[in-house]
Amino acid sequence: MDRLPMNQQKLIFLISAPRSGSTLLQRVLASHSDIFTHPEPHLLTPLNYLGYYNNVEKAPYDHINAAKAFRELADELPNGEQDYLDALRSYSDTIYQRLLHNTDKNFFLDKTPAYALVLPFIAKLYPNAKYIILTRHPMAINHSIAKSFFSGNYKTAIKTNPVIKKYVPAIG
């Protein structure tokens, strides 16, 4: 099986807030004969929170010590942060390549709305990938969330899932 780095030009990231029409766009793009996709793989989000770039608030391990250890470990690598990024990229490249391996497709489309919240990390990891940024009016997003999950209760929707507060600045 191919162990060479993934050609970043063969990766397409669909960046959006939840409830923005990204699933519909993913399905439209997947109908192209050259594009393969998988529903929201969440492959890269956890890598962002390993501790070198960001931390999780709660983890089943001491995430503060882990973050410190990742930075110290990366500092010992010959090329520092670049070697750390290369290792993370090797992990995700392997998965992306193997997803494409049994298909006749040339491009992998990764649509995971949470990627909007870690976009600077993904852009650092895959600077030469293709990016599609999908936007929708924030109030339409809030309306969709309130109607779909909270029986039309906008106040509860905003309090429970502050998508607008998190995603608008991140995508902006």
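## Nonpolar cores

The largest nonpolar core of this predicted model has 33 residues. Leu11, Phe13, Leu44, Tyr96, Tyr115 and Tyr126 touch the most other members. A nonpolar core here is a set of buried Ala, Val, Leu, Ile, Met, Phe, Trp, Tyr and Cys residues joined through side-chain atoms within 4.5 Å. Buried means under 20% relative accessible area, exposed means over 50%, and partly exposed lies in between (1.4 Å probe, protein chains only). Strand 1, helix 4, helix 5 (119–125), helix 6 (138–149) and helix 8 (163–171) each supply at least two residues of this core. Helix 4 gives the largest share, five residues. Helices (H or I, at least four residues) and strands (E, at least two) are DSSP runs, numbered from the N terminus.

Leu44 touches Phe13, Ser92, Tyr96, Tyr115, Phe121, Ile122, Leu125 and Tyr126, leaving aside residues up to four places away in sequence. Contact means heavy atoms within 4.5 Å. There is also a second, separate core of five residues, and Ile12, Leu14, Leu109 and Leu134 are among them. In soluble globular proteins, nonpolar side chains tend to be buried together.

## Basis of the values

This is a predicted model, with local features needing pLDDT of at least 70 and side-chain atom pairs counting only at pLDDT 80 or more, while totals for chains, interfaces and linings use all residues. Residues are numbered from 1 along each chain as its sequence is written, and side-chain values use heavy atoms, with hydrogens and water left out.

Four strands form an open sheet in the order 2-3-1-4, with parallel pairing. Strand 2 (35–39) and strand 4 (130–133) are the edge strands, each pairing on one side only. The twist from one strand to the next averages 20 degrees. Two strands pair if DSSP finds at least two bridges between them. Strand 2 and strand 3 (residues 107–111) are joined in the parallel sense by five bridges. Pro39 stands opposite Lys111 in strand 3.

Helix 4 (residues 81–101) packs on this sheet. The helix touches strand 1 (11–15), strand 2 and strand 3. Its direction makes about 120 degrees with that of strand 3. Axes are lines fitted to C-alpha atoms, for helices over the stretch in contact, and angles run from 0 to 180 degrees between N-to-C directions.

## Salt bridges

The count comes to four salt bridges. A salt bridge is a side-chain nitrogen of Lys or Arg within 4 Å of a carboxyl oxygen of Asp or Glu. One of them links Lys124 and Glu81, at 3.0 Å from N to O. Lys124 lies in helix 5 and Glu81 in helix 4, so this pair ties together parts that are 43 residues apart in sequence. Lys124 is partly exposed at 39% relative accessibility. Glu81 is partly exposed too, at 28%.

Two further pairs sit within helices. Asp86 bridges to Arg89, with the closest N and O atoms 2.8 Å apart. These residues are three apart in helix 4, so about one helical turn separates them. Asp86 is partly exposed, with a relative accessible area of 34%. Arg89 counts as buried at 12%. In helix 3 (residues 63–76), Glu72 and Lys68 are four residues apart, so about one helical turn separates them as well. Their side chains meet at 3.6 Å, N to O. Glu72 is partly exposed at 43%, whereas Lys68 is exposed at 53%.

## Loops and positive phi

Most residues other than glycine have a negative phi, and most peptide bonds are trans. Arg19 has a positive phi, near 65 degrees, and is not a glycine. Arg19 lies in the loop between strand 1 and helix 1 (22–30). Its relative accessible area is 35%, so Arg19 is partly exposed.

His42 also has a positive phi, about 50 degrees, without being a glycine. His42 belongs to the loop between strand 2 and helix 2. At 37% relative accessibility, His42 is partly exposed.

## Pro46

Pro46 is found in helix 2 (residues 45–48). Pro46 is partly exposed, with a relative accessible area of 46%. Pro46 and Asn153 are 107 residues apart in sequence. In space, their C-alpha atoms are 31 Å apart.
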